[in-house]
Amino acid sequence: MVAQFDLLSVYDEAALAAAGLVIDAPGLPYPPMPAPHYRVVEAARWTLRQPFVIACAGYFLPPRQLSWVNTVLMRDGISWMSLTPVEIESQMPHLAAAKGVVVVCGLGLGVMAYAVSALRAVDTLIVVERDPEIIAAFRQFTDFETWPQRSKIELVQCDAREFRRDGVDFLYADIWPYYRMDCMIEDMKAMHRNVPAPACGYWGQELDMVDAALAQGVALEDFSAAHVQAFADAHGLPLIGLEEPRYPELCRKAAVNPVIGAKRRPVEG
């Protein structure tokens with residue numbers, strides 16, 4: 001629950017006060033996630049909608065009622081990101097790990113940008129996004145220039161796999177449309193080569209970790225911290241996760257979430 005965290009010790013007071021909402025994930029060992037205010041806008045291909053949603057499944061947690069207005073970012077009529085629990089919970093381990101100089105690859109609704117830059121532990125945030133249309137739309141639907149933490153943030157238009165920066169403490173990537181895409185790990189390795197941070201993470205990594213272990217004959221109930229570390233070591237990536245003792249358990253829960261689905265999406269040759 002929100003009460004288990006001292007939010008003012010985690011987030012900048014002005015950024016927290018200016019947030020449009022703060023989304024909690026009851027029972028998870030991660031702090032709630034502040035999101036900016038949103039305005040419904042229509043750009044060339046990108047549209048922001050706020051549909052009425054009564055309940056939705058989480059990423060780690062079972063379905064629950066929504067106590068906030070859902071916001072959905074759509075391109076050509078297809079949903080790309082939303083404020084549903086499944087989306088928010090999947091970001092929380094990475095939000096909790098962010099500190100110092102942070103690079104976030106992928107802009108979307110900008111909720112990760114808002115939450116990361118609101119952290120007291122974060123000094124600078126570089127957000128990398130390749131689509132100039134979404135950057136322009138984002139500036140409109142969030143009133144980005146009015147954020148209290150705006151001075152911390154640099155927006156860079158670039159393909160995340162080509163962006164280069166040294167001196168980064170944490171790298172996070174969320175540039176893919178679906179979970180369980182086989183290209184994710186190779187993309188992440190390419191990004192980390194160009195941004196060699198001592199800690200990194202990517203959206204949906206929990207699913208890849210469990211899938212890799214199951215493919216090696218490990219029973220789901222036996223998936224452990226050792227398998228998380230083995231996955232990171234096998235790919236030469238300093239992936240976050242094990243800072244939280246419950247992380248292997250949460251990986252197991254996400255991996256069998258029926259809303260996510262178990263199908264992998266192979267790289268098309």
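**Exercises on a helix face and a parallel sheet**

The buried residues of helix α9 pack against α3 (85-97), α7 (205-215) and α8 (225-235), in a model that is predicted.

**Exercise 1.** Determine which residues of helix α9 (residues 247-255) are buried, and explain how they are placed around the helix axis.

*Solution.* Begin with burial, taken here as under 20% relative accessible area: in α9 the buried residues are Tyr247, Pro248, Leu250, Cys251, Ala254 and Ala255. Next, look down the axis of α9, where these buried residues fall within an arc of 160 degrees, so they line one face of the helix. Finally, the partners of the buried residues are α3, α7 and α8.

**Exercise 2.** Work out the strand order of the five-stranded open sheet, and name its edge strands.

*Solution.* The order is β10-β9-β8-β11-β12, with parallel pairing. The edges are β10 and β12 (200-202), each of which pairs on one side only. Direction ignored, neighbouring strands of this sheet are turned by 15 degrees against each other on average.

**Exercise 3.** Trace how strand β9 (residues 122-129) is joined to β8 and to β10.

*Solution.* Take β8 (residues 100-105) to start with: six bridges join β8 to β9, and the two run parallel, with Val102 standing opposite Leu125 in β9. Then turn to β10 (residues 153-157), which is parallel to β9 and joined to it by five bridges; here Val128 has Val156 of β10 as its bridge partner.

Note on methods: Residues are numbered from 1 along each chain as its sequence is written. This is a predicted model: local features need pLDDT of at least 70, side-chain atom pairs count only at pLDDT 80 or more; totals for chains, interfaces and linings use all residues. Side-chain values use heavy atoms; hydrogens and water are left out. Two strands pair if DSSP finds at least two bridges between them. Helices (H or I, at least four residues) and strands (E, at least two) are DSSP runs, numbered from the N terminus. Buried means under 20% relative accessible area, exposed over 50%, partly exposed in between (1.4 Å probe, protein chains only). The arc is that of the directions from the helix axis to the C-beta atoms. Contact means heavy atoms within 4.5 Å. Axes are lines fitted to C-alpha atoms, for helices over the stretch in contact, and angles run from 0 to 180 degrees between N-to-C directions.
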